[in-house]
Amino acid sequence: EWRVVTFPAPADLSLVDAVGSWLRNFHSPDARFLTRHAGEPWALAWQGVYNAQPVSTRVWVAPTWAPAPDEAEVSVILDPTLAFGGGAHATTVGMLNLLDKLLHDNHATTVLDVGSGSGILAIAAAKLGADAVGVEIDSHAVAESEKNVALNGVSEKVEIRAGTMDAVRPDETFDVVVANVDASVLTAVAP
C-alpha cells in the first residue's frame, strides 16, 4: 500500500493528484491520501507515513501503531524517532536480508552488531533465533536500543553495551558480525 501525505492546510491538491498519478504507474490503485488539517498535532499526523513493511523473506518491521500482519514470520517493533527511521533505509533493509539469510542458511547462533543504533539488527537476530550483542558509542542510542530490546521482548537474547569494540571481551566469539555504519566509523572504533 502506498501513501501520499501532505501537511499544509489546505492540501495542495494538484501536487497530491500529480504524485497519485505517478504512483498509479507502479500499479498502486489503492494509494491513500492523507492531509493534516490546521490544528491537528504534527506528533500524531506524521505517523500515517509509517506502516508495517516486509524487509526480508521472513522479517517485517512495524511501528507500535501499525502491527505486522499475522502471516509475518518475524516482526520487529520499531517506532521511528528523531535519531532513527522506521527500518526502511536501503542499507538497513540490505543488512536485514543478509542477516536473515545467514541465520537461516548457516545456522549461526551468535551475532555481534557493531554500531547498533536503534538495535534493529540485534533485535532481528534474536527474533531469528540467535543471541546478540550490540555495541554502541552514543549514549542516546544505547538508551534507545535498550528500550527497543525490551519492547520486542528479547532482553534474554540481546545485550546492548555502551562503548567501542573494547566492550567486546577478548574471549567472545560470534558467528556473524554486522555493522550498518560508515567504514570511517568502523576504522575509528577498531581496537
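A polar contact is taken here as a pair of N or O atoms within 3.5 Å; within protein, one atom must be able to donate a hydrogen and the other to accept it, and residues adjacent in sequence count only if both atoms are side-chain atoms. The structure is a predicted model, in which local features need pLDDT of at least 70 and side-chain atom pairs count only at pLDDT 80 or more, whereas totals for chains, interfaces and linings use all residues. Residues are numbered from 1 along each chain as its sequence is written, and side-chain values use heavy atoms, with hydrogens and water left out.

By the polar-contact criterion, a polar atom of the Ser-118 side chain lies 3.4 Å from the backbone nitrogen of Ile-120. Ser-118 belongs to the loop between β6 and α4 (120–127), helices (H or I, at least four residues) and strands (E, at least two) being DSSP runs numbered from the N terminus. With a relative accessible area of 6%, Ser-118 is buried (under 20% relative accessible area; exposed is over 50% and partly exposed in between, with a 1.4 Å probe and protein chains only). Beyond residues up to four places away in sequence, Ser-118 touches Leu-78, Phe-84, Ile-123, Glu-144, Ser-145 and Asn-148, contact meaning heavy atoms within 4.5 Å.

Strand β6 itself contains Asp-113, which counts as buried because its relative accessibility is 1%. A polar atom of the Asp-113 side chain is placed 3.4 Å from the backbone nitrogen of Ala-122. Residues up to four places away in sequence aside, the contacts of Asp-113 include Leu-121, Val-133, Gly-134 and Val-178. The C-alpha atoms of Asp-113 and Ala-125 are separated by 9.3 Å, at a spacing of 12 residues along the chain.

An open sheet of 4 strands has the order β8-β7-β6-β9, with parallel pairing (two strands pair if DSSP finds at least two bridges between them). From one strand to the next, the twist averages 15°. Strand β7 (residues 131–136) pairs with β8 over 5 bridges in the parallel sense, and Gly-134 stands opposite Ile-160 in β8. Helix α3 lies across β6 and β9 and runs at about 175° to β9; axes are lines fitted to C-alpha atoms, for helices over the stretch in contact, and angles run from 0 to 180 degrees between N-to-C directions.

His-107 is located in the loop between α3 (90–105) and β6 (110–114) and counts as exposed because its relative accessibility is 65%. Most residues other than glycine have a negative phi. The phi of His-107, by contrast, is positive, near 55°.
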